[in-house]
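Please look at the sequence and the structure shown here, and then read the briefing that follows, which takes its points topic by topic.

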Amino acid sequence: MYNRQVWEATPADTPVHRLDVRTKLVLLAAMVVFAVGLEGQRPLFLFFLVALGFHGVARSSVERWKVLIIFLLVGIWGAMLSQALFYNQEPRTIIACLVSPVAPWIGELTGGVFVYREGLEHGAVQALRSGIMLACGLLICWTTDPRQLLQCFLQWKMPYEIAFMLITSLRFLPVVFQETAVVLTAQRLRGFEPIRSFSPVRWIRTAFYVLFPILARALRRAATLALSVESRGFGRRGSQTYMEQWPLVERGACMVVFAGISAGAALKILYSLQFNGIAYFPDLRNVYDFMAVWL
Amino acid sequence: MTGIVECSKLSFVYKTRQKPSIDNINLQIDAGDFILCTGPTGCGKSTLLKVLNGLIPHEIGGTLCGSVRVNGIDSLHSSVAELSRTVGLMFQNPDDQIFSTTVADEVGFALENVGMEREMVRLRVAETLSWVGLSGREQSSVHALSGGERQRLALASVLAVRPRILALDEPISQLDPRGAMELLQVLRKLNREMGMTIIVVEHRLHEVMPLCRRVLVMEDGNIVWQGTRQEAFRDPEVFLRLGLRIPQPVHICHGLGLAADSAAVEDAVRDIRRGYPHCGKVVPGEEANLPTEPATAGIDIRGLEFRYDPKGRQILKGIDLSIPRGQFVALMGNNGAGKSTLLHHICGLIRTQSGEVRVHGQVIKGLDHRVGMVMQNPDLMLFNSTVEAEITFGIRHGAARGRSGADWRGLLQQMGLHGMEDRFPLALSQGQRVRVAIAALLACRPEVMLLDEPTTGQDLGHIDDIIGLLQEYTGGGGTVIFCTHDTEVAARYAQRAVVMTAGGVVADAPPREVFSNESVLLSAGLRAPAAMKVSRELYGGCALCVEEVVRHVQQASMGSYAG
């Protein structure tokens, strides 16, 4: 947590770093659409590997891989566990019983607590989806200059206030992580050991104790940053912001990706029509098979 | 002659306040001037700067009356973007204003905002970086720069558009002496060689004053004194009344009833010799170090080595240090020397990799509540909703284990925080926040106190209050180690000075001895207090503070020290 550079964008000479910020955002959007639209485990897993592959191309440091893996593992664990226990679709297959329905009090209260195989599978799919988004989001944060992101958002007509708010939060998130660690240390130095306590009241109190200084600092920092960029001629009234030309090759690649998304959406619609018995085209039988297996 | 800045009957009240932050100010600044604006915290200095570049009233809400013309532009009717080409504003902490990942992008940001062509931006960035001594660092990551370099980068980022006026809000307050010196040299060059008008708001006026031409002193939103630097040197009464620290040579002359014309040591020596021809010599025993009583083990560090990364730089290189109970130690050295890492070892925040740390004979193996620490940034130590809750926090949560809590109300009184018991700590001024953090720690009565830059942002009176309390604490057997870059404070108050460079201790002796050793000071990027230099030139002495020099000269002139 102390190493702020793990969280902040750093310059480097890799293909990912060299990509135009607009290309990165389009690719991120495409990955998100695919992650949400795909239902098959295999394609999702492939996309997940692609997302991780981007980190390899960007030569993410060992510390960054550690952060990414921790986040992914926590996400996978959370999604699979919650879905395994609370999956409520049918059919569902019980593979383990944690609390028997006939157990006194708790069994009657809960009706039994089971682990469902379909829940685990569904959880894995959800985890892959969130993993793809997380990996791509972190990749953009770690490889993109916040200044370029801000200029890009404004060029795309995002309201100034929202764009600046987004970038400020990106810019200060690493600082907030670092300062949270410092605040917890300061509390330990003064005899408060919240981490070692299992009391929920103490945990809530700790959250407030941590939030006070962090929020106060974050507000001060954000105000200074806002004044600093405003006083360097940047602002809601400024319209001269200079942005480099979007390279033609990258723009072309984005068009291809967009076409791919559109084609995928069209296929999904066709498949959905067939699946629900609304429209069936015999010539597209191979497409339906492909959709059933891969998408 | 009309000035480049003209304020007439200027007043401003923030939306959330009742009282004006600046009140009926009339000010004229000529082109090419170098102005130092100073005054106690909350006197309206920063507000004045924000008015000049239009942030007030265009971005910061409130009621503004009067008129402001900057380079002929009415700032009340011009946008911030327009004014930013005339007035460049730089803030206190570079980390809060740097926005990009590379040096070139950061400097080019303002140029892109005026629509400059890419090739022109590249040339302008290179030229600007050469002005601030960062040539060739265009593609460096901003994280790879030192604190001083980051501040110069922040300066370059506002210089890029070539503003006619440069306004700087406490630009050196976060820097070590070396970083501060580098930045001030750049400002001097910009003013002298390029004719840029510079307005600096700063508390560390003893460092900035020798460079400026005019000085403004503000109090309660008003300019209560203004004049040339020489006039300020001749009549420093207003600075002393407001607890502002003037250069020591000037302070010495003032103490001797002489009018100083400059802050230079040689000029002060010349003036004193004229007024007091018989300065005598050092008499035996006059500058003896304070007697030390038989030492009882306080902190004992043996062979301490440390690296954050097994393959990375060695942060601590075999530190051996023994500090007896009741000692008041100044830990000095440039940023990155390893001071904070050493403090973290003593309080058990970092586990030793090699060597050991003992406190009162017991090996430190983890966080130890016998050791209290005040971090450099007080904001991160304040997390309660009232000052009272903050100060009594440690007592309530067992940090005062086995020891009774100090009289915290007395502490409040002594720290000048009386009447603020119910205030929200984070809404106090920086100086007050530091004092609350120190009081909160003192309330727990730890056996050892570690303080990281406790005097930053404090005026002279409050430094005296803080040090007085800490001395009272050491008098009761407590041990204090405080990190500081401020050689004047260390010389005046510490019993012992430890100087670190690149992870090792290069000097460990009473301050008089350490500050006499020019080569050690040079290696650690420190400078001897000016009072010591004056005493050396004047009578071959080695005085640690203004009072010592004044006392010596007065007594020598009366005959008692006459050689």
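N191(B) counts as partly exposed because 19 C-beta neighbours lie inside 10 Å of it; a residue is called buried if 20 or more other C-beta atoms lie within 10 Å of its own, exposed if 12 or fewer, and partly exposed in between, with C-beta atoms placed from the backbone. This is a predicted model, in which local features need pLDDT of at least 70 and side-chain atom pairs count only at pLDDT 80 or more, while totals for chains, interfaces and linings use all residues. Residues are numbered from 1 along each chain as its sequence is written, and chains are lettered from A and ligands numbered from 1 in the order in which they are written.

**Surroundings of N191(B)**
- N191(B) belongs to helix α8 (residues 177–194) of chain B, where helices (H or I, at least four residues) and strands (E, at least two) are DSSP runs numbered from the N terminus.
- Leaving aside residues up to four places away in sequence, N191(B) touches F34(B), M196(B) and I198(B), contact being defined as C-beta atoms, placed from the backbone, that lie within 7 Å.

**The side of chain B that touches chain A**
- In chain B, 50 residues are in contact with 44 residues of chain A.
- Elements that each supply at least two residues of this side include α3 (80–83), α7 (147–159) and α15 (387–396) of chain B, and the largest share, 4 residues, comes from α5(B).
- The residues of this side divide into 25 nonpolar, 18 polar and 7 charged; Ala, Val, Leu, Ile, Met, Phe, Trp, Tyr, Cys and Pro count as nonpolar, Asp, Glu, Lys and Arg as charged, and the others, Gly among them, as polar.

**An open sheet in chain B**
- In chain B, 4 strands form an open sheet with antiparallel pairing, in the order β12-β11-β14-β15, and two strands pair if DSSP finds at least two bridges between them.
- The edge strands, each pairing on one side only, are β12 (314–324) and β15 (362–363) of chain B.
- Strand β11 (residues 297–307) of chain B pairs with strand β14 (residues 354–359) of chain B over 5 bridges, and I299(B) stands opposite V359(B) in β14(B).

**Two packed helices**
- The axes of α15(B) and helix α17 (residues 430–442) of chain B are 7 Å apart, at an angle of about 35 degrees; axes are lines fitted to C-alpha atoms, for helices over the stretch in contact, and angles run from 0 to 180 degrees between N-to-C directions.
- Among the residues that meet here are F393(B) in α15(B) and V436(B) in α17(B).

Note on methods:
Contact = placed C-beta atoms within 7 Å.
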